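Student: I would like to learn how to read the contacts in a model like this one. Please take me through them.

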Amino acid sequence: MRTVLLGPQRFLTTAGTVVRSVAPEGPVATVTAGWEDRESADGELDEVMEGRSRNLHLYGRLSDVLVSDEHFATEALAHRDAMDELAGLYSLRLQRALDSVYAVARRPARPAVAEAAFADAVRGVRDIDDWYLRTVDQLYGELEAAASPEASEPIARHRHEVAQLLGDAAALAIAGGHVGILLRCLRLFAVDPRPEVPVVAWSAGAMAMTERVVLYNDRGPQGVQGAEVWDRGTGRVRNVVAMPHARRRLRLDDAVHARVFVRRFEPAVCLLLDDGTQVEIGADGSVPEDARVLTETGAAAS
Amino acid sequence: MSRAASKLAINRLLDRKPLDGAAIDRFIERHGAPIIEGSRATFLWRGHADEVSVRHRVVGLPDPLRLRHVKDTDLWYVSTDIPEGSRIEYSFEITRDDHTESFVNDPLNPKLAHGPFGASSVFAAAGYQVPDWTLHDPEARPGEVIERSIASKALRRQVGYHLYLPARFRAVVRYPLIVVHDGLDYLKYTSAKTVLDNLIHRNEIAEMVVAFVSPVGDRLVEYANHAPHARFIARELVPELTAELPLLDSPVGRTLMGSSFGGVASVSTAARYPDVFGSLLLESPSLVFTDIGQDHGGGPVFDPVVKFVNRYRARPRRIADRIYLTCGMYEPLITPNRSMETVFRQAGMEVRYVEARDGHNWENWRDRLRDGLAWLHPGDQKFVYE
């Protein structure tokens with residue numbers, strides 16, 4: 001099972017070269033669902049793929065399902081409302097817990113006491129992350145029970161078509177964009193390539209390949225806010241927090257924030273995916289030794 | 001920096017002997033007006049007068065700020081401290097032959113700030129920039145503003161309002177609803193539609209539906225804790241919009257917004273209907289109060305406001321989940337708003353309080369919209385990794 005994670009492709013396009021190296025011939029299934037209603041504007045991507053791309057059009061399929069399956073659409077909307085409510089509560093709890101960790105980390109104290117207090121405060125944040133993901137699982141379970149995708153004719157039809165396209169593909173390329181929409185599409189249409197089909201994914205696409213998708217943006221209008229767990233990814237890549245645009249989006253010069261980030265998600269490694277980065281994941285789903293990861297001091301290290 | 005270079009430009013001009021009209025012309029052509037040098041601003045006026053003053057509403061600066069006459073010339077000037085990042089709106093008051101002319105805009109400064117009471121001269125100190133998100137962006141997909149009306153039993157009349165629908169408005173999404181007091185003024189003087197289009201395009205705020213509502217009668221009555229107005233908003237407008245449009249049907253999805261007296265209307269409506277609105281966006285709300293006695297200094301129009309705020313302060317309670325509160329440092333309302341921040345917080349609400357080096361005016365309120373809306377209804381920016 002071959003997987004390559006790449007940094008952002010907007011300014012430095014390496015996806016074409018990488019796809020050529022892992023699949024020199026044959027059609028390349030592409031996912032641009034993260035681009036939402038610009039999903040079909042993939043001419044440039046097709047050029048990069050040397051005209052071999054076969055867009056799975058997952059966003060278009062999602063839109064079709066929401067129009068053609070009223071029952072599923074109603075339940076999906078209710079599910080999203082529930083997710084929004086949950087995210088609001090999670091954010092409230094998380095912000096207070098993170099404020100506590102930062103305060104503890106900055107308070108001078110005897111090293112042993114300071115480390116114990118810090119570790120315990122981080123544990124509090126991890127507990128909140130775990131609670132959140134458990135509740136996300138529960139909400140997916142409720143959606144599944146209320147409107148099983150297997151029972152939906154349009155979903156079944158789209159899944160079948162997607163599986164056929166994937167079956168013919170020599171590789172799967174997953175572009176970045178809106179990671180929430182991308183995950184929703186990958187899940188709904190059960191995008192699961194055969195083990196021998198290499199996957200090349202960048203930015204949000206790389207995040208979606210991990211077990212746990214973490215959102216972060218210290219440069220937004222609200223300034224520095226804590227990273228938030230959003231959802232489970234496909235789990236093709238294990239023990240990794242994929243971090244595209246880390247330098248652009250995170251205050252890595254703040255050692256306390258970096259330390260909390262790293263400790264919060266360990267044993268997963270925080271994989272830095274900046275422009276030009278290319279990381280081939282091992283067959284067992286692990287990150288190679290020489291990959292650049294975030295350290296507790298905020299510096300990148302191999 | 002040499003001593004000569006650190007001297008204010010006006011003082012270097014005054015050192016010139018002789019100082020004739022041509023030299024003053026060249027000086028003004030070179031420097032414009034007011035002249036901003038570090039944290040100093042020099043106002044200039046030319047003409048024959050007995051007295052010339054700068055009028056402004058900046059708390060802390062003398063008002064009127066009298067200009068000095070430069071002997072044997074038609075030049076008047078005054079220099080004052082203006083901290084970095086400040087925006088000041090002002091006009092001149094000119095007295096000639098026992099006649100005083102007020103609200104005269106600065107003829108040497110082409111920049112004007114517009115508001116419902118007309119335009120006034122404006123300048124910005126070093127460090128202030130008009131935010132780029134307030135300017136038209138051809139890349140941003142435009143939303144739509146449509147005129148609508150609703151038959152209001154509470155107000156006993158047909159009430160017109162403007163409704164903003166975001167670009168790509170679609171039925172399968174549930175949108176937050178913002179109800180904006182003084183809606184037409186927000187549309188006209190804060191470029192609200194452009195701001196919404198741009199911030200939504202940048203994923204900084206959520207796609208949202210915005211109802212811009214204007215007073216139908218006497219604003220100072222209708223917005224000063226007026227039961228029919230509150231009933232109209234909470235029991236007529238919001239339910240009708242929720243029934244017709246794909247809106248989030250819970251308090252967390254609803255925000256009341258307003259500036260000045262519109263802020264009072266927002267707070268008093270939320271106080272009367274505490275389960276309807278999850279958030280308030282308050283810009284320089286006129287939340288005037290007294291700690292003892294009734295002498296609030298605001299005149300009779302403030303009497304119902306003071307009565308309402310005094311009552312609220314005596315027994316503060318939750319009227320929303322979150323409040324974004326902002327006020328200009330240079331306006332008289334800064335003191336009550338600093339106090340109200342604590343009162344709201346202690347009542348159990350989450351409060352984000354922001355002060356700006358600006359006054360009680362629409363451009364100040366425009367400049368705070370990004371911060372307020374993004375805090376209350378953040379967009380999907382954190383989800384997007386291209």
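Student: In β19(B), which residue is the bridge partner of A:H178?

Tutor: The bridge partner of A:H178 in β19(B) is B:V384. This is a predicted model, in which local features need pLDDT of at least 70 and side-chain atom pairs count only at pLDDT 80 or more, while totals for chains, interfaces and linings use all residues. Residues are numbered from 1 along each chain as its sequence is written, and chains are lettered from A and ligands numbered from 1 in the order in which they are written.

Student: In which sense do strand β5 of chain A and β19(B) pair?

Tutor: Two strands pair if DSSP finds at least two bridges between them. Helices (H or I, at least four residues) and strands (E, at least two) are DSSP runs, numbered from the N terminus. Here β5 (residues 177–178) of chain A and β19(B) pair in the antiparallel sense, over two bridges.

Student: How many residues of chain B are in contact with chain A?

Tutor: Two residues are in contact if their C-beta atoms, placed from the backbone, lie within 7 Å. By that rule 17 residues of chain B are in contact with 24 residues of chain A. On the side of chain B, α12 (369–376) and β19 (384–385) are the elements that give two or more residues. The largest share, four residues, comes from α12(B).

Student: How do I read two packed helices, and at what angle do α4 and α5 of chain A pack?

Tutor: Two packed helices are described by the angle between their axes and the distance between the axes. Axes are lines fitted to C-alpha atoms, for helices over the stretch in contact, and angles run from 0 to 180 degrees between N-to-C directions. Helix α4 (residues 70–106) and helix α5 (residues 111–146) of chain A pack at about 175°, with axes 9 Å apart. α4(A) is therefore roughly antiparallel to α5(A); angles under 35 degrees count as roughly parallel, over 145 as roughly antiparallel, 65 to 115 as roughly perpendicular and the rest as oblique.

Student: At roughly what angle do α3 and α7 of chain A cross?

Tutor: The axes of α3 (residues 58–68) and α7 (residues 179–188) of chain A cross at roughly 75° and come within 9 Å, so α3(A) is roughly perpendicular to α7(A). From α3(A), A:L58, A:Y59 and A:L62 meet A:I181, A:R184, A:C185 and A:L188 in α7(A).
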